[in-house]
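Hello,

Here is the structure I promised to pass on to you. Please have a look at it first, and then read my notes below.

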Amino acid sequence: MKRTLLNFVKIVLAIYMFMCGLLYFFQENLIFHPQKLEKGYQFQFHPDFKEYYFKTDDGNLLHGILFKAANSKGLIFYLHGNARSLKSWGSVAKTYTDLNYDVFILDYRGFGKSEGTIDGEEQLFKDNQLVYDVLKNKYKEQQITILGYSIGTGLASKLASDNQPKQLILQAPYYSLTDLVQHMLPFVPTAILKYKFETSQYLKKCRLPIFVFHGDIDEVIYYGSSLKLKKQFDTQIQLITLEGQSHNGITANKQYQEELKSILN
């Protein structure tokens, strides 16, 4: 009986170690779900827009689109979620151009027309800084608002912490990716996570207004993430709870749009 139990435990441990190994080596596949576009793909967006390419130190080209407002007050640097491409993400631009803000949206490596593959968080941070430095030649930093959605909130927080934009807007942020994994998969050892995206740590360096929007029925990034951020950065963060809002569709939320008018005024 003891031997049977011991063998069972060994099998369970072996399966557990195997699963942890898969999680470690295939993290990019679990976190990022890019949509590739042909270089010649023609976008069909209504607003005035222009495509840009940025060459990285390792020779890859990153692709982004600048959507222009009729009478621009500044720029929204938008860091999108973990799936799809500019083909769909570009649809959010009109909300901001209608408020007289230009919008720049970058496709991460391997997304859309951007070349390369993602192999680490520092690589993403470096790519975002490269693009931000180019945009600083077109806009004064005090005209730039960094906005991140979902996976992009950690990236946006890091970028804001290393620069001096006017303000930071986070849609459905996580306290850290480690915290989110612990919440969703408590049996996974956090030591195997290559992507930490420590939003709470990055915000410690930010000296700017921070606006957090989170749906109270978010089924992907739990609402408590924003409550934890608000508790830690009480005076610096303005938390706006979107009642009845799930993870997707925040930009189209009427309450969000009304609050946005005040923030961007």
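Three elements, helix 2 (27-31), strand 5 (83-84) and helix 7, each supply at least two residues of the lining of the largest pocket. Please keep in mind as you read that this is a predicted model.

Among the elements, helix 7 gives the most to that lining, with 4 residues. The largest pocket itself has a volume of about 630 Å³. It is lined by 26 residues, and the closest to its centre are Leu30, Ile31, Asn82, Leu177 and Leu180. By residue type, the lining of the largest pocket divides into 19 nonpolar, 6 polar and 1 charged.

Next comes the second largest pocket, with a volume of about 160 Å³. Which residues lie nearest its centre? They are Trp89, Val92, Gly249, Ile250 and Thr251, out of 13 residues that line this second pocket. Here the lining divides into 6 nonpolar, 6 polar and 1 charged.

Happy exploring, and do write back with any questions.

Best wishes

Notes. Residues numbered from 1 in each chain as written. Predicted model: local features only at pLDDT ≥ 70, side-chain atom pairs only at ≥ 80, totals over all residues. Heavy atoms only, no water. 1 Å grid on protein atoms, 1.4 Å probe; cavity = no way out; pocket = protein on both sides within 12 Å on 5 of 7 lines; lining within 4 Å. Points joined across faces, edges and corners; volume = space filled by probe spheres on them. Nonpolar A, V, L, I, M, F, W, Y, C, P; charged D, E, K, R; others polar.
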